[in-house]
Amino acid sequence: MTRKLEICCGDLLSVANAVAGGADRIELCSGLAEGGVTPSEGFIRGAGRLKGEHTRLHVLIRPRGGDFCYDEADRETIINDVAACAASPYVDGIVIGALTPEAEIDLDLCRRCIEVAGGKSLTFHRAFDLCRDPLKALEEIIDMGFDRILTSGCGATAMEGAEMLNRLNKAADGRIIILGASGVSSSNASDLLDATGLSELHASARRPVASQMKWRHEGVAMGAPGSDEYSRMVTSEEEVKTLRDILDTYKK
């Protein structure tokens, strides 16, 4: 079995490090601190130029943080962003997902997205982990023609959701890829594979990087109170390489 590694990247340095580390796929998004939102056109172009021939670029379409139940303005934004990605020569896949107020899969919005996706590879994102009935949702997502589901198995982390990931993987039976996500690292990747039998893992592989600013105005936060404006989290090339090696050498 060939196992694939997807790395979630929120800046161009992370993209470069993920590619150098051997990622099969980049999930590109902004605002990782709130679970990821749609990246800008400029960011997509920059990532597309960095990804090379062997790394696929999938773009997250999520217009805002918070829940996955969208009003008409959100829905129009999502459709427009999917259409823009469908037209982009840099984008190989699109990552979408939406729920109804009753935590069912929003079939109408998903189908509208698929209509304008231009045949790009489709991932249903972690909105799945907030749905009412995961096994029912699995069948609906398969029926719509998605290629994979990004999920923690409805747990806070993939390890906590390992039992459900295993159930989903068995129920999928090769009809769709279950992409294990949330808290995945080199310290638990082998255990997660043991527990789930998954063929693909998703990680951010991030480490803190200090700012290059020499003069600093401490105590002023641009985001959440108390946040550090003089450090940021960036994908580690070494962590990606380690994850790559674990997936390539794993045998069971």
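Helices (H or I, at least four residues) and strands (E, at least two) are DSSP runs, numbered from the N terminus. This is a predicted model, in which local features need pLDDT of at least 70 and side-chain atom pairs count only at pLDDT 80 or more, while totals for chains, interfaces and linings use all residues. Residues are numbered from 1 along each chain as its sequence is written, and side-chain values use heavy atoms, with hydrogens and water left out.

**Stop 1: strand 6**

Select residues 148–151, which form strand 6, and pick out Thr-151 there. Is Thr-151 buried or exposed? Its relative accessible area is 0%, so Thr-151 is buried (buried means under 20% relative accessible area, exposed over 50%, partly exposed in between, with a 1.4 Å probe and protein chains only). Now show what Thr-151 touches, leaving aside residues up to four places away in sequence: among the residues in contact are Arg-126, Phe-128, Asp-129, Leu-165 and Leu-168. Contact means heavy atoms within 4.5 Å. For a distance, pick the C-alpha atoms of Thr-151 and Ile-96: they are separated by 12 Å, and the two residues are 55 apart along the chain.

**Stop 2: helices 6 and 7**

Next select residues 162–172 (helix 6) and residues 189–196 (helix 7). The two helices pack at an angle of about 50°, and their axes are 8 Å apart. Helix 6 is therefore oblique to helix 7. Axes are lines fitted to C-alpha atoms, for helices over the stretch in contact, and angles run from 0 to 180 degrees between N-to-C directions; those under 35 degrees count as roughly parallel, over 145 as roughly antiparallel, 65 to 115 as roughly perpendicular and the rest as oblique.

Show side chains at the contact: Ala-162, Leu-165, Asn-166 and Asn-169 come from helix 6, and Leu-192, Ala-195 and Thr-196 from helix 7.

**Stop 3: helix 8**

Move to residues 237–249, helix 8, and select Glu-239. Glu-239 counts as buried because its relative accessibility is 7%. Apart from residues up to four places away in sequence, Glu-239 touches Ser-185, Ser-186, Ala-205 and Arg-207.

**Stop 4: the whole chain**

Finally, select everything. The protein chain has eight helices and ten strands. Its C-alpha atoms fill a box of roughly 55 × 45 × 35 Å along the principal axes. Of the 252 residues, 50% are buried. Among contacts with a separation of 6 or more, 68% join residues 24 or more positions apart.
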